[in-house]
Structures are given as structure tokens and as C-alpha cells.
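Hi there,

Here is the structure I promised to pass along. Have a look at it first, and my notes follow below.

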Amino acid sequence: DKVSVLAGLDKNEITHSFPVCRSCFEDISAGRGKVDRELNNSSVLPKINIWAIPEAVGDSDPRIFNRFLDTWEKNLEDKNVGGAGERTEGMYFSRLAQTGQGLIFHFVFWEQNNAQEIVHLMVEDVPPERLARLESTWQRVCKQQFGWQKDTDLDFAIRSIYATLTNFAGKSQGDKMVFRDFTLEIIGAMLQGEVLPVDMFKRFIVPRLPRLVYENKPGDYRRSMYYAELWVEYMQALNREVI
């Protein structure tokens, strides 16, 4: 009942609005339901749902698309019955990189707010090879620059940037929202293969170091500072690859 939602209520926009036939609406609804059940992830970022919608490329062989869905569905079934899939629980982006060969992905980051669905970020045409490169670069930086012995996945990396910026935002809800939007901006640039805003990242966190130390226990603020340094190194490494 709002013009901002139903543009056809605006007399000037009537010519640009058209009804959707029942069969098309059923197909759209069925596709939305399948994405919600099988391709949605809400465990990477708090309160944010992530859709990874696959599209076949190249020779458009439908077997590529079907094979991916079959593999993905099997992993979900294994996880639900407590089988081998438990090992891959939480590895959303890593699994896309491994099982999505021959596809590209379109990502939608959205939030459920009562009856509203708020889209925060949309990224198109992300090949699984880019996800694999993001993960391998993260693992390389962790080993070479920080001496980590165990590999961590891309999902862990994305969770860490959100947690780090949230900690630097402090207790202010306004700052938390700004830092969350900045986190999504960084993630979007990563998925699109663009240059990452390292200088902006530094300008966000450096002025807040005193408050971080004041409001947190030594172990907590040291961990946040450590991950902030790690992310500076990681973003610089990605930027060198882009350039």
C-alpha cells in the first residue's frame, strides 16, 4: 500500500508497471523458496542473510548447474543427519569455491527487519576461482606474515573483519551501523576483485584505539589490534594482485 513499494500506485509510473502472470509468479516463488532452503546462509554475518545464486557459463551445459545443486543438497543432508557434512558446517564460501567450477555466482546480502527485507549489498558475476584466490591469499598472509600453522577458511576471514570492526566501533549503536556498512563495502570489493580501501580502514580504526583500550580487557583489545594489523596486510596483498 506504499508508493515506494508498489510503484504502480503512482499515476506517473503506471505505464512502467505490468502484472506478472500466474505461472511466472509460481516459478519465481519456487525459485525463491529453493534459494531460501538451500543457498541461503545466515551464519557468516550476524543478522545478515547471504544468497549465492549460481548461473551456468561457457557452453551453458545444464548438467553443470544440476551437478552443483545435487552436490550442495547432499552436503546439506549429510549435515542434517550428523554425517561427514558436519566438517563443512560454516564453510559457505569455501564450499562454493570448491564445488562451483563452471559456474559464476551472484551474491545478495540482505536483512529481515520485521516485514521488510532490506538489501544491503548485491554483487554479480563472481567466479569460484576468485573465492579460491581470496582464501589462498588469506592463508598465505596468515602463514608468512603472522606465523599461523593451521589454515583457516574464507568464512573465518569474513567473520573476523566483521568482529574486528565491531569491536573498534565500541558501544555506540550508531558507530556499529557505520562499521557494519563499511564491512559490507570491503566484502563487496573483495568479491568484485576491486582495490580495497586500506587507507580508509586505517582512518576508521586508528582514532578509536584509545577507546578500544579503555573499554576492553587487555586480552580483548590486543586480539582486536592483532586482527586489524592482519587485515591491513591481507588487503594490501589483495591490492597488489589486483594492480
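**What I found**

The chain folds into nine helices and four strands. Please keep in mind that this is a predicted model. Starting at the N terminus, the order of the elements is α-β-β-α-α-β-β-α-α-α-α-α-α.

The chain has 243 residues, and 40% of them count as buried. Of the contacts between residues at least 6 apart in sequence, 64% link residues at least 24 apart. The accessible surface is about 14100 Å², and carbon and sulfur atoms account for 53% of that.

On the surface, you will find a nonpolar patch made of Phe18, Val20, Phe25 and Ile28. Together these residues have about 480 Å² of accessible area. Ile28 sits in helix α1, which spans residues 22-39. With a relative accessible area of 55%, Ile28 counts as exposed, because the cut-off for that is over 50%.

Helix α7 (residues 198-205) is also worth a look. Its buried residues are Val198, Phe201, Phe204 and Ile205. They lie on the same side of α7, because they cover an arc of only 120 degrees around the axis. And what do the buried residues of α7 pack against? Their partners are α5 (154-169), α6 (173-192), α8 (209-215) and α9 (218-242).

Best wishes

How values were computed. Residues are numbered from 1 along each chain as its sequence is written. This is a predicted model: local features need pLDDT of at least 70, side-chain atom pairs count only at pLDDT 80 or more; totals for chains, interfaces and linings use all residues. Side-chain values use heavy atoms; hydrogens and water are left out. Helices (H or I, at least four residues) and strands (E, at least two) are DSSP runs, numbered from the N terminus. Buried means under 20% relative accessible area, exposed over 50%, partly exposed in between (1.4 Å probe, protein chains only). Contact means heavy atoms within 4.5 Å. Accessible areas come from the Shrake-Rupley method with a 1.4 Å probe; for residues, only the protein chains shown count as cover. Patches are made of residues with over 30% relative accessible area and no salt bridge: like charges are joined within 9 Å, nonpolar side chains (Val, Leu, Ile, Met, Phe, Trp, Tyr) within 5 Å. A salt bridge is a side-chain nitrogen of Lys or Arg within 4 Å of a carboxyl oxygen of Asp or Glu. The arc is that of the directions from the helix axis to the C-beta atoms.
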